[in-house]
Amino acid sequence: MPVVQRPQPRPGVLAIDPYVPGESAAPGVARVFKLSSNETPLGPSPRAIAAYHTAAERLADYPDGAATALRGAIGRAFGLDPDRIVCGSGSDDLLHLIAAGYLRDGDEAIHTTHAFLIYPIAILAAGAKPIVAPEKNHTADVDAMLAAVSEGTKIVFLANPNNPTGTYVPFDEVKRLHRGLPPDVLLVLDAAYAEYVRRNDYEAGIELVATSENVVMCRTFSKIYGLAALRLGWLYGPAHMVDVLNRIRGPFNVNSAAMAAGVAAINDAAHVETARAHNEKWLAWLIDEIRQVGLEVTPSIANFVLIHFPQSKGRI
């Protein structure tokens, strides 16, 4: 048979397994909270909802491509220079931008065994090769990650806390990982669940970004802020890296409603604290209840748990 001539995707694209989101419906249930997507049962701040509705009055206007108000609000909330902040359509958008900006065909990028599934997707889409570093007890292993570094390594992705295991790497270990990397290797700290963490040995990565030229921290409004439907994320990085990402991102990659809701949400500290306290209470309760029925649970510091179901048939 003759060979059909047609456009071909770049190498690596067809090796991507499409991302499968959490289930959105259940028979006989009117409202579903997707635990597999870590959705907050409290929803967003009422202020964020009001800001979203106000934004509807100007849907014919293009959004502020620089996300000036949102970057300013984030900067004030965390004590950061807004000029070193980039906003995106969810942190997924930012992770893809990082891969597109810093990976070339044939490069390597490291992530751990049970890391966020977007990492290998973004790596393969950029024409690079994902390198999987083994974990210990479903936790990122710094020694294994450093052992995986080669001359081809350009990026190391670390979700901290990790999705979907709920485990974390103490900040001293994160700093040890950074010290062990060559200066031309980018360390991406994905801190999507940082707001839920109440551990003295944890840091999201702001300090490391502020004092380094090869570290970037990603955050999201999808989790504790409850704005998953609007797709809103941000990163804090070195000025040279921010310049690169601003050159390749879409000129209007964040919509006006998302930015308005994000500003209102980050300014409602009381709502965030309520969500944090709610999670702390019910996370402990849920882990105890699951263990009482004989199932193993990986200890979590986020807003979800990893349950280990038995392999033998008929037990669950």
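Colleague: Which residues are buried in α4?

Modeller: I118, Y119, P120, I121, A122, I123 and L124 are buried in α4, where buried means under 20% relative accessible area, exposed over 50%, and partly exposed in between, with a 1.4 Å probe and protein chains only. Keep in mind that this is a predicted model: local features need pLDDT of at least 70, side-chain atom pairs count only at pLDDT 80 or more, and totals for chains, interfaces and linings use all residues. Residues are numbered from 1 along each chain as its sequence is written, and side-chain values use heavy atoms, with hydrogens and water left out.

Colleague: OK, and what do the buried residues of α4 pack against?

Modeller: They pack against α3, β2 (108–112), β3 (129–133), β6 and β7 (186–190). Helices (H or I, at least four residues) and strands (E, at least two) are DSSP runs, numbered from the N terminus. Contact here means heavy atoms within 4.5 Å.

Colleague: At what angle do α3 and α4 pack?

Modeller: About 35°, with the axes 9 Å apart. The axes are lines fitted to C-alpha atoms, for helices over the stretch in contact, and angles run from 0 to 180 degrees between N-to-C directions.

Colleague: Which residues make that contact?

Modeller: From α3 there are D92, L95, H96 and A99, and from α4 I118, Y119, I121 and A122. By class that's six nonpolar, one polar and one charged. Ala, Val, Leu, Ile, Met, Phe, Trp, Tyr, Cys and Pro count as nonpolar, Asp, Glu, Lys and Arg as charged, and the others, Gly among them, as polar.

Colleague: How many cavities of 30 Å³ or more turn up?

Modeller: Two, searching the whole structure. On a 1 Å grid over the protein atoms alone, a cavity is a set of points where a 1.4 Å probe fits but cannot get out, while a pocket is an open set with protein on both sides within 12 Å along at least five of seven lines; lining residues have an atom within 4 Å of a point. The largest cavity holds about 60 Å³. Grid points are joined across faces, edges and corners, and a volume is the space filled by probe spheres set on the points.

Colleague: What lines the largest cavity?

Modeller: T112, A115, T139, A140, L158, A159, N160, N162, T167, Y168 and V169. That's six nonpolar, five polar and no charged residues.

Colleague: N160, you say. Which residue is joined to N160 by a cis peptide bond?

Modeller: P161, with omega about 0°. Another cis peptide bond joins N163 and P164, where omega is about 25°. P161 sits in the loop between β6 and α6 (171–180), and P164 is in the loop between β6 and α6 as well.

Colleague: What's the phi of H138?

Modeller: Near 60°, a positive value in a residue other than glycine. H138 is in the loop between β4 (135–136) and β5. R231 isn't a glycine either, and has a positive phi of about 55°.

Colleague: Last one: what volume does the second largest pocket have?

Modeller: About 190 Å³. Its lining divides into five nonpolar, two polar and four charged residues, including R198, R199, R276 and E280.
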